Amino acid sequence: MEIVHIDMDMFFAAVEIRDNPKLEGLPLIIGALPHERGVVATCSYEAREFGVRSAMSIKEAYRRCPHGVYMHPNGHKYIDASRQIHKIWDGYTDMIEYISLDEGFLDVTGSVSLFGTAEKIGREIKNRVKEETGLTCSVGIGYSMMSAKLASEEKKPDGFFQILTPQALRELISHRSVRVIYGVGPQTEATLNKIGIRTVEDLCKNRDALVRALGTQGKHILDLADGVDNRVIAAPAKAHSLGKEITFQQDKTDREYLKDVLRLLARELSFQMRLDGNFARTVTLKITFKDMRKITRSKSGDATNTADVIYRTAAALLDDVEPRPIRLVGISLSKFSDGEAKQLSLFDGLGAPKETGKSEEASRRLREATMVLQRKYGLDIMKSGSEMMAEQRLDAADN
């Protein structure tokens with residue numbers, strides 16, 4: 001196999017720096033603000049010098065880096081950048097396994113006759129990503145998934161590296177921690193440390209002890225340490241649901257406030273569904289109360305992807321929830337259909353106005369025109385009056 005692994009460099013932070021060059025060189029932390037609940041989504045390399053890491057609590061990040069620049073993530077901006085990047089990757093092979101918005105494996109074994117060597121493909125992708133998006137990525141070329149992943153990590157950021165044989169892989173990782181092996185996490189590392197195995201070299205010198213300690217898993221780890229990785233690229237499964245939620249800094253009881261939040265969540269979900277060409281048959285309201293008790297309420301019907309229908313359905317479900325302080329509220333959509341669907345019927349029986357054939361056609365054209373603009377300029381280019389009012393009320397309530 002000829003595998004290319006691509007990993008965007010500090011992706012969320014890099015997008016923000018690209019769009020605001022004044023942030024360059026600063027310790028930038030994307031996640032929550034210092035006084036809020038939350039964790040670090042990603043951070044710039046300058047912030048990492050102070051020990052800030054992804055998934056770290058914001059309070060701990062602030063303790064380590066109180067002079068950092070803290071920002072909320074801008075999900076739509078990152079999704080748009082990811083779509084640009086994925087479009088470039090898609091042009092070289094259909095054997096792609098996306099790990100996240102900013103990372104993926106490409107099997108280019110069948111593409112070399114069209115585009116040249118794996119090295120040429122990797123370098124061309126790297127250059128195109130920089131030219132077309134203004135972002136840098138680290139690229140690894142390998143004979144397997146593990147070798148390609150290790151190669152991409154070798155020269156970060158903005159790096160390029162190749163591991164082309166099992167022998168080259170063994171020589172590279174021999175004196176490194178066992179954590180370098182795919183699948184060896186903190187618990188497995190602790191188990192290995194107890195029997196004197198700390199490096200990859202130790203693994204290879206204590207094969208019997210490793211197998212006694214970990215059984216079949218130990219044999220698999222040995223194979224990887226020897227450079228044997230028979231995993232193949234798995235095409236991404238089609239999404240079966242889509243959700244968005246918000247955790248409040250202070251618990252909420254005001255139902256109108258909560259409905260304004262639901263309206264804006266529905267707007268974002270609708271935009272994503274329309275981008276993907278999907279319709280959902282089920283809307284689910286998700287609630288976490290102050291005492292951390294969680295509930296969900298759902299309604300199913302004919303498929304929809306319109307913001308107003310999603311919102312009205314979720315709001316009606318909220319009306320049936322007991323009035324208690326709420327810590328988190330969210331909406332998820334499921335039971336997808338990618339074909340044309342009868343609109344608005346999901347909300348039948350909940351007071352939604354019926355559309356005539358003429359008004360329904362006008363609504364469809366308006367949605368299509370709106371989508372064209374939003375694709376080009378972003379979600380905020382057009383808002384309904386009710387969405388603008390919801391934003392204003394939320395701003396007023398929070399300030």
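## Helix packing and salt bridges

Helices H11 (residues 207–214) and H12 (residues 216–225) pack with their axes 6 Å apart, at an angle of about 140 degrees. H11 is therefore oblique to H12. On the H11 side the contact involves Arg-207, Leu-210, Val-211 and Leu-214, which meet Thr-216, Gln-217, Gly-218, Lys-219, Ile-221 and Leu-222 in H12. Sorted by class, this contact has five nonpolar, three polar and two charged residues.

The model is a predicted one. Its secondary structure comes to 16 helices and twelve strands. Of the 399 residues in the protein, 44% are buried. The accessible surface comes to about 20400 Å², and 52% of that surface belongs to carbon and sulfur atoms. Among contacts between residues at least 6 apart in sequence, 64% join residues at least 24 apart.

Phe-11, Phe-12, Val-15, Glu-16, Arg-18 and Asp-19 in H1 meet Lys-77, Tyr-78, Ala-81, Ser-82, Gln-84 and Ile-85 in H4. By class, the contact of H1 with H4 has six nonpolar, two polar and four charged residues. A network of salt bridges links Glu-16, Arg-18, Asp-19 and Lys-77.

Helix H7 (residues 145–154) is mostly covered, with seven of its ten residues buried. The buried residues are Met-145, Met-146, Ser-147, Ala-148, Leu-150, Ala-151 and Ser-152.

Side chains of opposite charge can pair when their charged atoms come close. The count of salt bridges comes to 26. Three of them are listed here.

| Asp-229 | Arg-231 | 2.9 Å |

Asp-158 counts as partly exposed at 44% relative accessibility, whereas Lys-126 is buried at 14%.

Asp-229 is buried, with a relative accessible area of 8%, and Arg-231 is partly exposed at 23%.

Lys-286 lies in strand S10 (residues 279–289) and Glu-245 in strand S9 (residues 241–252), so the pair ties together parts that are 41 residues apart in sequence. Lys-286 is partly exposed at 32% relative accessible area, and Glu-245 is partly exposed at 42%.

Conventions:
Residues are numbered from 1 along each chain as its sequence is written. This is a predicted model: local features need pLDDT of at least 70, side-chain atom pairs count only at pLDDT 80 or more; totals for chains, interfaces and linings use all residues. Side-chain values use heavy atoms; hydrogens and water are left out. Contact means heavy atoms within 4.5 Å. Helices (H or I, at least four residues) and strands (E, at least two) are DSSP runs, numbered from the N terminus. Ala, Val, Leu, Ile, Met, Phe, Trp, Tyr, Cys and Pro count as nonpolar, Asp, Glu, Lys and Arg as charged, and the others, Gly among them, as polar. Axes are lines fitted to C-alpha atoms, for helices over the stretch in contact, and angles run from 0 to 180 degrees between N-to-C directions. Angles under 35 degrees count as roughly parallel, over 145 as roughly antiparallel, 65 to 115 as roughly perpendicular and the rest as oblique. Buried means under 20% relative accessible area, exposed over 50%, partly exposed in between (1.4 Å probe, protein chains only). Accessible areas come from the Shrake-Rupley method with a 1.4 Å probe; for residues, only the protein chains shown count as cover. A salt bridge is a side-chain nitrogen of Lys or Arg within 4 Å of a carboxyl oxygen of Asp or Glu.
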